[in-house]
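The following exercises concern one protein model. Please work through each task before reading its solution.

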Amino acid sequence: MDHPIPNTENVPSVQIIIPQRQIGRKNDIYIMMVSDVHSVSKKGTYIAIISTTVETQNPEEEIKLAFDLIGPVKEKFIKVIFPLFRFLKDMFQLNKIFLMV
(Lines give C-alpha, C1' and ligand atoms only; values in the text may rest on other atoms or scores of the structure.)
Protein backbone atom coordinates (compact mmCIF):
# COMPACT_ATOMS: atom_id res chain seq x y z
CA MET A 1 0.00 0.00 0.00
CA ASP A 2 1.14 3.55 -0.44
CA HIS A 3 -0.77 4.82 2.61
CA PRO A 4 -1.35 3.86 6.24
CA ILE A 5 -4.69 2.36 7.18
CA PRO A 6 -7.32 5.13 7.22
CA ASN A 7 -8.48 6.47 10.60
CA THR A 8 -5.36 5.23 12.44
CA GLU A 9 -3.77 8.69 12.80
CA ASN A 10 -1.07 7.75 10.24
CA VAL A 11 0.80 5.52 12.69
CA PRO A 12 3.62 3.47 11.11
CA SER A 13 2.30 0.19 12.54
CA VAL A 14 -1.01 -1.01 13.87
CA GLN A 15 -2.92 -4.14 14.78
CA ILE A 16 -6.69 -4.26 14.43
CA ILE A 17 -8.85 -7.08 15.72
CA ILE A 18 -12.37 -7.33 14.31
CA PRO A 19 -14.33 -9.28 16.95
CA GLN A 20 -16.26 -12.24 15.58
CA ARG A 21 -19.41 -11.37 17.54
CA GLN A 22 -19.61 -7.95 15.90
CA ILE A 23 -19.54 -9.40 12.38
CA GLY A 24 -21.46 -12.65 12.83
CA ARG A 25 -18.50 -15.03 12.53
CA LYS A 26 -17.09 -17.84 14.64
CA ASN A 27 -13.55 -16.37 14.48
CA ASP A 28 -12.01 -12.91 14.77
CA ILE A 29 -10.34 -11.23 11.79
CA TYR A 30 -6.86 -9.80 12.41
CA ILE A 31 -5.19 -6.97 10.50
CA MET A 32 -1.54 -6.07 11.01
CA MET A 33 0.19 -3.23 9.20
CA VAL A 34 3.92 -2.45 9.21
CA SER A 35 5.98 0.07 7.27
CA ASP A 36 9.46 1.26 6.38
CA VAL A 37 9.96 2.19 10.05
CA HIS A 38 10.41 -1.56 10.64
CA SER A 39 12.81 -1.91 7.70
CA VAL A 40 10.44 -4.30 5.91
CA SER A 41 9.50 -2.08 2.97
CA LYS A 42 10.83 0.87 1.04
CA LYS A 43 10.12 4.38 2.32
CA GLY A 44 6.50 5.38 1.91
CA THR A 45 5.14 1.85 1.55
CA TYR A 46 3.05 -0.16 3.98
CA ILE A 47 2.41 -3.89 4.28
CA ALA A 48 -0.91 -5.13 5.66
CA ILE A 49 -1.53 -8.73 6.64
CA ILE A 50 -5.09 -9.96 7.11
CA SER A 51 -5.74 -13.31 8.75
CA THR A 52 -8.57 -15.42 10.13
CA THR A 53 -9.81 -18.98 10.18
CA VAL A 54 -11.71 -19.96 7.03
CA GLU A 55 -15.38 -20.69 7.73
CA THR A 56 -16.94 -20.97 4.25
CA GLN A 57 -16.12 -22.07 0.72
CA ASN A 58 -15.41 -18.42 -0.20
CA PRO A 59 -12.49 -17.30 2.00
CA GLU A 60 -11.77 -14.09 0.07
CA GLU A 61 -15.32 -12.86 0.65
CA GLU A 62 -14.90 -13.56 4.38
CA ILE A 63 -12.13 -10.95 4.63
CA LYS A 64 -13.77 -8.33 2.40
CA LEU A 65 -14.58 -6.20 5.47
CA ALA A 66 -10.88 -6.10 6.37
CA PHE A 67 -9.92 -5.06 2.84
CA ASP A 68 -12.55 -2.34 3.00
CA LEU A 69 -10.96 -1.07 6.24
CA ILE A 70 -7.40 -0.89 4.94
CA GLY A 71 -8.29 1.08 1.81
CA PRO A 72 -6.82 0.72 -1.69
CA VAL A 73 -4.03 -1.83 -2.15
CA LYS A 74 -1.33 -1.81 -4.81
CA GLU A 75 -0.83 -5.59 -4.84
CA LYS A 76 -2.78 -8.38 -3.15
CA PHE A 77 -1.79 -11.96 -2.38
CA ILE A 78 -4.35 -14.43 -1.04
CA LYS A 79 -3.12 -17.71 0.42
CA VAL A 80 -5.27 -20.30 2.18
CA ILE A 81 -3.36 -22.94 4.13
CA PHE A 82 -4.59 -26.13 5.74
CA PRO A 83 -4.82 -26.21 9.54
CA LEU A 84 -1.33 -25.99 11.02
CA PHE A 85 -2.18 -27.89 14.18
CA ARG A 86 -3.43 -30.93 12.27
CA PHE A 87 -0.22 -30.89 10.21
CA LEU A 88 1.96 -30.66 13.33
CA LYS A 89 0.03 -33.44 15.06
CA ASP A 90 0.46 -35.76 12.06
CA MET A 91 4.14 -34.84 11.70
CA PHE A 92 4.84 -35.45 15.39
CA GLN A 93 3.08 -38.81 15.34
CA LEU A 94 4.99 -39.94 12.27
CA ASN A 95 8.35 -38.90 13.73
CA LYS A 96 7.63 -39.89 17.35
CA ILE A 97 8.01 -36.27 18.46
CA PHE A 98 6.08 -35.15 21.52
CA LEU A 99 4.96 -31.60 22.22
CA MET A 100 3.78 -30.32 25.60
CA VAL A 101 1.81 -27.08 25.49
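A polar contact is a pair of N or O atoms within 3.5 Å; within protein, one must be able to donate a hydrogen and the other to accept it, and residues adjacent in sequence count only if both atoms are side-chain atoms. The model is predicted, so local features need pLDDT of at least 70 and side-chain atom pairs pLDDT 80 or more, while totals for chains, interfaces and linings use all residues. Residues are numbered from 1 along each chain as its sequence is written, and side-chain values use heavy atoms, without hydrogens and water.

**Exercise 1.** Determine which partners the side chain of Arg-25 reaches.

*Solution.* Step 1: locate Arg-25 in the loop between helix 1 (20-23) and strand 2; helices (H or I, at least four residues) and strands (E, at least two) are DSSP runs, numbered from the N terminus. Step 2: Arg-25 has a relative accessible area of 12%, and buried means under 20%, exposed over 50%, partly exposed in between (1.4 Å probe, protein chains only); Arg-25 is therefore buried. Step 3: its side chain reaches the backbone oxygen of Thr-53 at 2.9 Å and makes a polar contact with the side chain of Glu-55 at 3.4 Å.

**Exercise 2.** State where the charged end of Lys-76 sits.

*Solution.* Step 1: apply the criterion that NZ of Lys or CZ of Arg is within 6 Å of the ring centre and within 35 degrees of the ring normal. Step 2: the charged end of Lys-76 sits over the ring of Phe-67, 4.8 Å from its centre.

**Exercise 3.** List the residues that Ile-50 touches, leaving out those up to four places away in sequence.

*Solution.* Step 1: take contact as heavy atoms within 4.5 Å. Step 2: Ile-50 touches Ile-29, Tyr-30, Ile-31, Ile-63, Ala-66, Phe-67 and Ile-70, with residues up to four places away not counted.
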